[in-house]
Amino acid sequence: MRDSYGREITYLRVSVTELCNLRCRYCMPAEGICKREHEEMLSEEEIVLAIETAASLGITKLRITGGEPLVKKNIVSICEKAAKVPGIRELCLTTNGTLLPQLAGPLKKAGVDRLNISLDTLDREKYRYITRLGELDQAIAGIEAALSVGFERIKLNAVLIGGFNDDEIPRLAELTRTWPVDLRFIEMMPMYDGGDFSAGSFIPCDTVLQKLPGLVEEPRDGGVARLYRLPGAQGRIGLISPLSSHFCGECNRIRLTADGKLKPCLHGREEFSVKGLDAEGMREQFVKAILSKPAWHGELSYTQRSRSGRNMNRIGG
Ligand code: SAM
Ligand code: SF4
């Protein structure tokens, strides 16, 4: 289906939980978040019905996200059902990777096509600092498990943070030589609650081009990243710049939160609830949400924060 600005909406991002086993400083408060009542959150049946409804309106690509989707007990079953929905051609999942040693195999078998795995640093101490609870070795084991069960076109996502990982840009980029993976650098977004980082920590993606002068430009592949490659590397380097150059004109996505709210725009306050609705009711809300997509998200910078009213763990990125 097309929105009011003629953009074809083909991509649904579904957050299946707000909870996480980590507490990344740009995403979640140290104490985590209050666990909400079970009844407030979408059930497995409602998630599947929402995906079926979306597919009937022309959604072909699905991304399962969170919070951390792999802490959800029924994640394999949700993926298995989502993969079977007619019209869904690509099922992707975004994870911090730490539970992939146990779950990579079952997820592959359930029909997940592609994984994005978050990794901001290759230093054990820094990994512990940024995630507050995580162990780097677990995330690395997760990436290796995903490769060993046959996941292809894996993308590693690193959020760029000035004074934290800008000195690691070359080392992170080398991962595209070590493994057959793409690495994407993502500008840190000024979400609703500032987290631990202020404007001074924001660095634009162009910093990567300065630090890696040998990068060779590659053709875009329809996604939001500008693409490059280190000579001879197996994978590509992607730059995602939501702040320094927004991509609202090409936006093809809509988001569903774990508590059943459709968000037409990541940075907008508007939400449409599908919780408790039947197929027809959900369809009406999807149509309304798609038609409410704004032309762009409005000014966004470290002084002009996101108007989403939620942090990333409660939207899904
Ligand atoms: N837990 C999973 C993970 O970390 O990959 C999935 C959910 S997480 C909210 C999705 C993505 O959003 C991650 O790659 C994370 O790094 C990114 N993210 C979270 N907060 C962000 C922020 N303030 N700016 C940019 N990216 C952010
Ligand atoms: Fe959890 Fe992902 Fe947020 Fe980190 S970025 S706290 S892993 S949801």
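**Entry 1: helix 1 and helix 9.** I looked up the contact between these helices and found that Glu46, Leu49, Ala50, Thr53, Ala54 and Ser56 in helix 1 meet Ala279, Met282, Arg283 and Phe286 in helix 9. Contact means heavy atoms within 4.5 Å. I noted that these residues divide into 6 nonpolar, 2 polar and 2 charged. In this count Ala, Val, Leu, Ile, Met, Phe, Trp, Tyr, Cys and Pro are nonpolar, Asp, Glu, Lys and Arg are charged, and the others, Gly among them, are polar.

I recorded that this is a predicted model, in which local features need pLDDT of at least 70 and side-chain atom pairs count only at pLDDT 80 or more, while totals for chains, interfaces and linings use all residues. Residues are numbered from 1 along each chain as its sequence is written, chains are lettered from A and ligands numbered from 1 in the order in which they are written, and side-chain values use heavy atoms, with hydrogens and water left out.

The axes of helix 1 (residues 44-56) and helix 9 (residues 279-291) come within 9 Å and cross at roughly 55°. Helices (H or I, at least four residues) and strands (E, at least two) are DSSP runs, numbered from the N terminus. Axes are lines fitted to C-alpha atoms, for helices over the stretch in contact, and angles run from 0 to 180 degrees between N-to-C directions. Angles under 35 degrees count as roughly parallel, over 145 as roughly antiparallel, 65 to 115 as roughly perpendicular and the rest as oblique.

**Entry 2: helix 2 and helix 3.** I found helix 2 (residues 75-83) and helix 3 (residues 100-110) packed at an angle of about 25°, with their axes 8 Å apart. That makes helix 2 roughly parallel to helix 3. Ile75, Val76, Cys79, Glu80 and Ala83 of helix 2 contact Leu103, Pro106, Leu107 and Ala110 of helix 3. I classed these residues as 8 nonpolar, no polar and 1 charged.

**Entry 3: cysteines.** I found 0 disulfides in the structure, a disulfide being a pair of cysteine sulfur atoms within 2.5 Å. Cys24 counts as buried at 16% relative accessibility, and Cys27 counts as buried at 17%. Buried means under 20% relative accessible area, exposed over 50%, and partly exposed in between (1.4 Å probe, protein chains only).

**Entry 4: positive phi.** Arg132, in the loop between helix 4 (124-131) and helix 5 (136-148), has phi near 60°, a positive value in a residue other than glycine. Arg153 has phi near 55° and lies in the loop between helix 5 and strand 5 (155-160).
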